[in-house]
Every structure is written in structure tokens, then in C-alpha cells.
Amino acid sequence: MWRPPERIKFASDPGRWPGEEEARAAKWFSPVDLGPVRLKARTWVPAMVPWRATAEGFVSDNVIDWYQRFAQGRPGGLVVEATGIRDVPSGPLLRIGHDRFLPGLKRLADAVRAASGGETRLFIQLIDFLAIRRRPDPAKFFGRFLEVTPAHREALGGARWPEAQVKAALAGLSPDRLREVLIPREWESLTMGYRERVTDMGLDQIRALPETLPGLFADAAVRAREAGFDGVELHYAHAYTMSSFLSALNTRDDGYGGARENRVRLPLEVYERVRGATGADVAVGCRFLAEDCVEGGNTVADAAWFGTEFARAGMDFLSLSRGGRFEDAKQPGIGQSAYPYTGPSGYECMPSQFSDAKGPFGRNIGPTAEIRRAVRAAGFETPVIVTGGIHGFEQAEAILQAGDADLVGAARQSLCDPDWFAKVRAGCGGDVRTCEFTNYCEGLDQKHKQVTCKLWDRLDLEEPGVTMSDDGKRRLTPPVWRQTT
Ligand SMILES: Cc1cc2nc3c(=O)[nH]c(=O)nc-3n(C[C@H](O)[C@H](O)[C@H](O)COP(=O)(O)O)c2cc1C
Ligand code: SF4
């Protein structure tokens, strides 16, 4: 994981905890409507992939345990991890691309409702992503993947050479020379692994995305409603397909790239189709980036413009994240895939305890507030959700009181202590286990290992009913909170 060169270490700083009376009167614990869905509190657990689905993408008992555990803390809103909308194998990532996934998803929605006493509203994040391959062994790359072109022959002076000779000659070049001979995309495929982009207009399936995606998202959203979810969050953030349509780096020439009006077209068409298919009783919103945080990517001015268009279209909520892009990802090892949270933009998405002078807490508040102001100035009351490094009551309440956002999300703090909302609300803030922003959890996520927290995964292993991770070393959900105060 990339760290700012300053490497200033920040200790968690949750601030003062409120007494029960103060907490109950707080804005953070007051209701809010996301379109047709009323949340009892403005507390929000954003999507987090815990790598607990079955290899075929079905809800497993471990998935149920995980979300049930979050529901026990009774957040106002809980978003189920990025869930694939296509019916294609995608490892242990939750899927919703076919009706066969419905029974498991229904069991999940029922479990959350029961564990929260009906208080937590449940959302599911719907994701589409493009193909990505592991970084190849160079011998394999030249032998199997690389298509020999006239440009290669010309650079090597081997116009009449058989293909195998061209490949062998390329494989023998120094990295500096290879960089000159290969085009940038070939160099990237060799050194990072092949990755599709929304701008690959030469590929049929990429050109056709504006035709295929609205229906896929809409079918997935209908399944979510049938399974009993209260709302869907369209994943328009980070490194994935829809975010890449929105990005200023999208240069498609078919009316879906270039100017902002074109880049927002598919995200709006997807939304319209989802809304039309689900009807008015399901909340439909999206998560998108306040800033891409990569060179040439979207700025907060772009995001403010998009936010206003999403609000105008009628979205029920706007959830802001930042960064997490492929463009600045670290080079993976041979046989590994590039991971979008490994560069500076990944740091912006999940800032850790080692930071620059700005620190890791609340880096997304200013940009989110700017986006919210633009949405309000255009006359829309759409609720806006901010997330990023927030781990204390005072900070959350101050954000709401200042009108910087309407809901405050906490991902890692909730993973560290899913009971923390209940604790704070009960005036037991002193019992909160505070996230140290180590990104140990994120390291596990990156390796597609079952995600746990460093602060609880080896505690009280003898507790009855503890389920252990596949490696047998870590408990999969945190110990039960026994109220002492
Ligand atoms: C293990 C892990 C998995 C995540 N998975 C997702 C995801 O599926 N979708 C998403 O939009 N964000 C995902 N995120 C990002 C979080 O939702 C959140 O934006 C980020 O962690 C910053 O918020 P925080 O400081 O409150 O943790 C993930 C974060 C972590 C730590
Ligand atoms: S492992 Fe735990 S303490 Fe470290 S960042 Fe993740 S949730 Fe926070």
C-alpha cells in the first residue's frame, strides 16, 4: 500500500464521547429519508468486500454472520459489498446476476432485519467491472499473448522473419529497448497485466456497454427488491466501469465520452432503467468519486456537476468516496493482478495512520461539502453521504451541524467495532474499540483473504460459536459486546 512520503504517524482521535441524552438529541441519531426509505439515524456503513461469498458468488453462512454482526450495532443504513451484476464467474465476490442468487440474498436481508430489530435499512451495491489479467511471465507474454505487428518487425528490421523469430527477438531485448519497441498498451500488458478500458472501442463488448449495462443493472436491482433490500447503490466509484465512464479520462467518441454531458449519459441511462424497473418504493442512489485523485481525472468541480445531474434525475442519495483508481496502481508481482488501491489515489480512498500533514481523518469532507453546496444551489435536497477516516461522534456531528453532509459513513471504524453506533447512542462511548487506521484489513482484502480487524481477530477465541478463518488463525467476527457501563 502506498504511503505519503512524509510518513507522519497519526494516532486515532475520536474526541469526546457524548452521554446518552446528548447522543439521543444528536443530529447523527436523527431520522432521514432517502427517497421512499426512512432511516432511523444518519449513521451509515458503506460497502466493504469481506471475501466471504462462495466460490460461485452465493451468500454463505459467513456472509450472513458478517452482516448480522454489523446489524447488531443498528446503523441507520448498511450497504452490502460490491455485488457483481453479470452472470459470469468472478471468484468469491457476491453476485446478483441471476435468479439463482435470490434465495441467499433473501436470507441475508431477513438476517439483517432480525438482527437490527428492523431498525437498519439494507442496501446493496451493484457493480460492473471490466476484464483484467494477471501480470504475465514475460516468456508467456511473448510466446502466447503478444500479437506481432508490422511495427515490431520494422523496429527489429525483420520484415520477412517468421513470427516465432520476431517473438524470440523481442523477448531478448533489454527493458529500455522494449519500451521503445512496444506500444504503451503492450508495455502495460507486459509489466502490469492486460486490462480492458471503457475506451477500447475496437472491442465489441466494450463498444456495446451502453446497450448492455442498463438492462444488467436494472435486472440486478429488481432482484435486490425481490430479495427484500430497501435500496440499491449503483457503484459509480473507484476503478470500475461506471466510474470510468464518468472520468475525464474517458475519451470515447460515440457520444458517451469527452464532454461531461457525454460522460454522464450512461450513468443516467443506467439510473433511469433501474428506477423504471424497481418502481418508487426502493431507494436508488449511487456512490461516486468526489475526486479521481489521478492525473487528468475528475476534479471536485466535475463531481459537483455530476452530483447535480444525478439529483436532477431523481436519485435518492449521493454517497461520496474518493480515488481508488487503476491508473496509479503499483506494479503487481508476476502472476498477480494490479490492484486499484495501491497507489496515491488508493491512499486517498483508504488513508492510513501514516499520512501527510493533512492527516488521514476526514480528507473527503471538504470536497463532499462542495458537491453538496452545488446540489443545494441547483435546488435539490438529495441527501449526501460522506465517508473517509471518520471514527468519532464529535467529528460526525460537526459535519452534520455544518451542513457538509446529511449522513456520515464509517467503514473501517465499523469493521473495528460494529457495535459502536449502539455504544455511542447508549452513552457508552468509552467502550468503543477505536480503529487505528493500520489498513491490516485492507491488506487482507487485497489478497482476497477473509477480511478481519487486527484489534479483534485473535481475541476471546474460546468464546462459544466462534467461526475461524480458512487459515484457522483468526476469528471472522468480533467478540460480543457486553455492556459494562
Ligand atoms: C476491506 C474493505 C473493502 C472495501 N470494499 C468496498 C466496496 O465493496 N465498495 C466500495 O464502494 N468501497 C469499498 N471500500 C471502501 C470503503 O467503503 C470506504 O470508502 C473507505 O474504507 C474509506 O472509509 P473509512 O475511512 O471509513 O474506512 C472498502 C474498504 C475496505 C477497508
Ligand atoms: S485492521 Fe482494524 S484497526 Fe486496522 S484499519 Fe482495519 S479496521 Fe482499523
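Modeller: One term to begin with: a residue is near a molecule if its C-beta atom, placed from the backbone, lies within 6 Å of it. Also, this is a predicted model.

Colleague: Fine. How many residues surround ligand 2, and which are the closest?

Modeller: Ligand 2 has 13 residues around it. The closest are Cys435, Thr438, Tyr440, Cys441 and Cys453.

Colleague: Which helix gives the largest share of that shell?

Modeller: H18, with three residues. Helix H18 covers 412–416, and helix H20 (440–446) also supplies at least two.

Colleague: And how does the shell around ligand 2 divide into nonpolar, polar and charged?

Modeller: Eight residues are nonpolar, two are polar and three are charged.

Colleague: Is asparagine 439 buried or exposed, and why?

Modeller: Buried, because 24 other C-beta atoms lie within 10 Å, and the cut-off for buried is 20 or more.

Colleague: New topic. How many residues are in the largest nonpolar core?

Modeller: The largest core has 121 residues. Those with the most contacts inside it include Tyr67, Phe217 and Val408. Helix H10 (residues 209–227) gives the largest share of this core, nine residues.

Colleague: What does phenylalanine 217 touch?

Modeller: Leaving out residues up to four places away in sequence, phenylalanine 217 touches Ile85, Leu126, Leu234, Val270, Arg273 and Val274.

Notes
Residues numbered from 1 in each chain as written. Chains lettered and ligands numbered in written order. Predicted model: local features only at pLDDT ≥ 70, side-chain atom pairs only at ≥ 80, totals over all residues. Helix = DSSP H or I, 4+ residues; strand = E, 2+ residues; numbered from the N terminus. Nonpolar A, V, L, I, M, F, W, Y, C, P; charged D, E, K, R; others polar. Core = buried A, V, L, I, M, F, W, Y, C linked by C-beta atoms within 7 Å. Buried ≥ 20, exposed ≤ 12 C-beta atoms within 10 Å, placed from the backbone. Contact = placed C-beta atoms within 7 Å.
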